[in-house]
Every structure is written in C-alpha cells, then in structure tokens.
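Colleague: Could you take one part of this model and go through it closely, residue by residue? Please give the cut-offs as you use them.

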Amino acid sequence: MRIKNLSILGATGSIGASTLQLVRLQPEHYHVFALSGHQQVEALAKLCLEFSPNYAVVSDPVSAKRLSTLLQERHCATEVLAGSQALIDIATDPLVDCVMAAIVGAAGLAPTYAALKAGKCVLLANKEALVMAGDLMMQAVKDAKATLLPVDSEHNAIFQCLPVNFLAPRLFPALNLAHHAADFGVTKIILTASGGAFRDLALDQFATISPEAACQHPNWQMGKKITVDSATMMNKALEVIEAHYLFGLAAAEIEVLIHPQSIVHSLVVYTDGSLLAQLGEPDMRIPIANAMAWPKRMASGVNTLDLVQAGALSFKTIDPERYPAFSLGYDALRLGGTAPCILNAANESAVAAFLSNRISFNAIAKVAREALNTLPIQAARDFDTIIGTDNQTRAYVEQYLNTL
Ligand code: NDP
Ligand code: MG
C-alpha cells in the first residue's frame, strides 16, 4: 500500500489524539502531512516534534509566532501557518490523500467542505459540519467524486452494517456501484445512546448541574462540548441529522434507543427481521481505524470485546422529560432548509454559555428550541446562506441569553 498523506484538523483534541495513536501503530502506511490546533500551542508543538508534518496550522498570528519559536528552538522544519484559509489549504493540498475532520463545531465546516470539493477522502468526526450543511456536503461528494467515511461511532457502526452497494453512490461515488434502494431491504437504523452523565440523576437535581459534572462521561473520553451534548442528548439529535445525510434515510427510518453499556454501537434493521449490529469496546480508535484503513482493516490497539465480561446488554426508549433536547433533531429535519444549521449554532452558543456558568444546564435545550422556533428558515442554497444563518443564530442567542 502506498503511504497516505494525512492532514489532521483538530489534532490537539480527543479524536486527533486517537488518530495519532493509530498513525503510531502504522508509520509505514501514513505520513502526517499537516496538523492543526487552536489554543493548545505547546501540545501542537510536541506533536510536530514527534511527527514532523510539512505544515502546522493555528488560528491566529500570535499563536503562530509562539509555535514557530517553539519549533525553531528544537530545529523542527515544520512550516507554521495561521488562519482559516490555512486550514483550507492543508485540507485541499494536492499532496493530501485523507483529511481527518476533527475540529469541534462550526469552525470545522469550511475546511471539511473544501476537502470534499477537492475530491479528498474525508474521515468525518466533525458532525456539526454535516448538520449545518448536509445537502451541500453530500452534493460536493457527488460532484467531486470525493469519499466520505463516518468516524462518529454510531455512524461508523451503521456504515459497517450496510451493504457496500447501498453506501457507494452517496459516500464513495467514484466506485460507481449500482444503487437500487428498495432492493436492499433496509427498514430502519437504530442509533444507540449511552444516556450521558445524568441518565440516573433525579429530575429535580437537573437545575443545579455544574459544568464540571456535565463534562464527565460515564463511558467515553471526549472533548467538553460533545460530553455536554451527550448529557443533554443534543448529541443524539445532531446524530439523527448526521445519519439522515450520510445514509439518505428519512427521519421515520432513524430510531434511537438508550443502551447504557455502549457496547452495541448501532444497528441496521432489515425487512426479513434481521438486525445487524456492530459491537466493540467504547473506544474511538475502533471507528477511526475502520475509516483510516477502509476498505481494508487495521489493528487499532483496542482489546477485542470479551462478551462474557461485557455482561448483560440493555436497551430502553428515551424519556423526553429527561432529554428535552433530543426531539429537536427530528424537528429540525421536519422543518428542513437551514433549520439544522440554526439548531447547531444555537446549541454551540448555549453550551459555551453553560460552560462559562452563564446559564443553567436546563437552559441549553430551551435556548435551542427558542432559536429553532423563532428564526426564519430558508432553503440551504449555498455556503454563504449557511454561514449567514450560523452568524444570525449566534447573534440572536446572545440577545436571548440576556433575557434569561
Ligand atoms: P476536542 O474539544 O477534544 O478537540 C477539538 C479540536 O478542535 C482541538 O484540536 C481544538 O484545538 C480544535 N478547535 C477548537 N475550536 C477551534 C476553532 N475555533 N478553530 C480551529 N480549531 C478549533 O473535541 P473532540 O476531539 O472530542 O471532538 C472533535 C469532533 O469530533 C467534534 O465534532 C465531535 O462532535 C466529534 N466526535 C468526537 C468524539 C469523541 O469521542 N471525542 C466521538 C464522535 C464524534 P485546541 O485543543 O488546540 O484548542
Ligand atoms: Mg456518536
């Protein structure tokens, strides 16, 4: 196999770290072409010294200066770049084969979209990008014959359980495999949800949940934003939208069940009564390895699940009183157009406000609902419409927060 040039957007984060662990296992197959970080300049410098990428990107000139100094002191030849155009450049460079899209939130949209338009193989962790601009991103895959491989554990599980001919036209059209949807017998998919940090907390305690408590996940080690999203179940709302775009399924064909053990990562239900599931330890190195090596497989360094040790697996439906954010994903799909973009931006703003102790945990879902119900929804025509909606929503939420 030819060595693949990999750009990792969001290298200093949790997904970035897991991706680099896999690169360490297969240095003969992957060259780290570029790494990006945002605030953790020292951590990025350390990664540059280890992986010697051609480029390292940070968000602003001050961080770039600091990173350059740290690298020059250690005679590291990595070229340091700054700003949003630099992120696009490392995602679209002709030498790049694969892009790991692991920036959190809307900041990841522009480089991820650009990578797809450039026909790259994109390993997608940054679900917010797809939620914001799903139609545009899927159109870009088609037009540029790009490859889009889901890293989110549930979507990677579904990806593994669907026939390759079902997936090809949407996710890797260059393969040119025939698609006759009705022939595949897919009735629905079931995404599993751990239930997050407060799945057993008494409902009368929710008003006083602290940011520290919301940043502790019972099963997964992840960045702060997605950990809070798991606690509110907004993460699953976003994942319903993500599944809709990735697999071309209607809202009614996407179900969610709580599965506290996080062993069954999701399932596909077929018309003959078969359920295909992907099981494994809750460790993101498994779906990342699946996407990195696809269509082959690679060792991930994660122990194979011991079914006897895993014990009983349980499933239950979602209590809307505990998780008022969850149904907003379906609402946004029903409303269509820019509604998912509004939901995402409102949630990002609300989570940031919660993490800085400005609003309560319960207010997150309230803010997102308010934005979705109030702001005008347009057709998601082009990139500027998406960015305009994102900005408008953030400005609206900022004002609304002052009334709470
Ligand atoms: P982290 O918070 O751990 O990492 C986020 C990364 O994005 C960091 O490298 C951070 O840089 C960078 N970043 C943050 N803000 C900006 C910005 N404004 N501009 C450029 N870069 C920025 O998040 P995770 O790794 O947990 O999640 C990444 C994505 O993957 C999210 O979209 C999440 O939903 C998704 N995902 C994550 C899973 C997980 O297990 N962690 C599972 C499934 C999906 P720095 O740290 O240097 O500031
Ligand atoms: Mg997930």
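Modeller: I start with Thr112, whose contacts (heavy atoms within 4.5 Å) include Leu9, Ala101 and Val122, and also Leu124, Asn126 and Met137, when residues up to four places away in sequence are not counted. This is a predicted model, in which local features need pLDDT of at least 70, side-chain atom pairs count only at pLDDT 80 or more, totals for chains, interfaces and linings use all residues, and side-chain values use heavy atoms, with hydrogens and water left out. Residues are numbered from 1 along each chain as its sequence is written, while chains are lettered from A and ligands numbered from 1 in the order in which they are written.

Thr112 sits in helix α5, residues 109-117 (helices are DSSP runs of H or I, at least four residues, and strands runs of E, at least two, numbered from the N terminus). Thr112 counts as buried because its relative accessibility is 1% (buried is under 20% relative accessible area, exposed over 50%, partly exposed in between, with a 1.4 Å probe and protein chains only). From Thr112 to Glu321 the C-alpha to C-alpha distance is 35 Å, and 209 residues separate them in sequence.

Next comes Lys225, in helix α10, which covers residues 224-232. Lys225 has 13% relative accessibility, so it counts as buried. Its side chain makes a polar contact of 2.8 Å with the side chain of Glu128 (a pair of N or O atoms within 3.5 Å; within protein, one must be able to donate a hydrogen and the other to accept it, and residues adjacent in sequence count only if both atoms are side-chain atoms). Besides Glu128, Lys225 touches Val104, Leu238, Asn344, Asn347, Glu348 and Val351, again not counting residues up to four places away in sequence.

The metal site involves other residues. Asp152 (OD), Glu154 (OE) and Glu239 (OE) coordinate the magnesium ion (ligand 2) at 2.1 to 2.2 Å (donors are N, O and S atoms within 2.8 Å of the metal, 3.2 Å for Na, K and Ca; water is not among the atoms, so sites may look incomplete). Along the chain, the donors of this ion have the spacing D-x1-E-x84-E. Glu154 in helix α7 (residues 153-161) and Glu239 in helix α11 (residues 234-247) are 85 residues apart, a pair that links distant parts of the chain. Glu154 is buried because its relative accessible area is 8%. Glu239 has 0% relative accessibility and therefore counts as buried too.

Leu313 provides a contrast in the loop between α13 (307-310) and α14 (328-335): at 32% relative accessibility, Leu313 counts as partly exposed.
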